[in-house]
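Please walk through this model with the structure open beside the text.

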Amino acid sequence: SESVKPLAFDLTGKADDPAVVLGYPENGPFDSEPARIRSEERLRGPDIYGDKTVTREAFSIWASVRPGNSGGPLLSAKGVVYGVVFAASVEDNRTGYVLTAQQVAADARAGAGATQEVSTQSCT
């Protein structure tokens, strides 16, 4: 059997860097969309449970981001992960938002080594 390595994180993403959004938008087939980082931003909004306000390090990107892209990677031209797609703009269908590698890398590493169950709280 073939061994597959996990994708690596790239913490150097910045404005004007070319990239690609990968995923399965709208429950469809695998899709890749060209993208470009517009800017790095600190976005304030509710946490996943709506309990409190959090600040996220994110990229605003120029790309077509659709439902189903969330959780997919934003890859650099070298195939490393600049971040994880989490939202599309409701005002501009060519703007999406990506949590930066800096924002998600520690949680991804912790999750990869996790061995105990955790509560889904109200997300079931």
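Which residue forms a salt bridge with Asp-17? The partner is Lys-14, and the closest N and O atoms of the pair are 3.2 Å apart. This is a predicted model, so the distances given here are computed from predicted coordinates. Asp-17 itself is buried, with a relative accessible area of 12%. The cut-off for buried is under 20%, so Asp-17 falls within that class.

Now step to Asp-16. Its place is in the segment before strand S1, which spans 18-23. Asp-16 is exposed, with a relative accessible area of 54%. Its backbone deserves a look as well. Phi of Asp-16 is near 80°, a positive value in a residue other than glycine.

Next comes the fold. How many strands close into the barrel? There are 6 strands, and their order is S1-S2-S3-S6-S5-S4. The pairing is antiparallel. Neighbouring strands of this sheet are turned against each other by 50° on average, with direction ignored.

S4 and strand S5 (residues 81-88) pair in the antiparallel sense, over 3 bridges.

A helix joins the picture here. Helix H1 covers residues 101-113 and lies across S3, S5 and strand S6 (95-100). H1 runs at about 50° to S6.

Return to the charged side chains. The structure holds 5 salt bridges. Which residues does a network of these bridges link? Glu-26, Asp-31 and Arg-66 are linked in this way.

Arg-66 forms a salt bridge with Glu-26, and the closest N and O atoms are 3.6 Å apart. Arg-66 lies in the loop between strand S3 (53-62) and strand S4 (73-76), while Glu-26 lies in the loop between S1 and S2, so the pair ties together parts that are 40 residues apart in sequence. The accessibility of the two side chains can be set out in turn. Glu-26 counts as exposed, at 52% relative accessibility. Arg-66 is partly exposed, with a relative accessible area of 28%.

Arg-66 also forms a salt bridge with Asp-31, with the closest N and O atoms 3.3 Å apart. This pair links distant parts of the chain: Arg-66 sits in the loop between S3 and S4, Asp-31 in strand S2, and 35 residues separate them.

Is Asn-27 buried or exposed? Asn-27 is exposed, with a relative accessible area of 79%. Phi of Asn-27 is near 55°, again a positive value in a residue other than glycine.

Gly-28 has its place in this loop between S1 and S2 too. At 24% relative accessibility, Gly-28 counts as partly exposed. What separation do the C-alpha atoms of Gly-28 and Gly-68 show? They are separated by 8.4 Å, with the two glycines 40 residues apart along the chain.

How values were computed
Residues numbered from 1 in each chain as written. Predicted model: local features only at pLDDT ≥ 70, side-chain atom pairs only at ≥ 80, totals over all residues. Heavy atoms only, no water. Helix = DSSP H or I, 4+ residues; strand = E, 2+ residues; numbered from the N terminus. Buried < 20%, exposed > 50% of the residue type's maximum accessible area, 1.4 Å probe, protein only. Salt bridge = Lys/Arg side-chain N within 4 Å of Asp/Glu carboxyl O. Pairing = 2+ DSSP bridges. Axes fitted to C-alpha atoms, helices over the stretch in contact; angles between N-to-C directions. Contact = heavy atoms within 4.5 Å.
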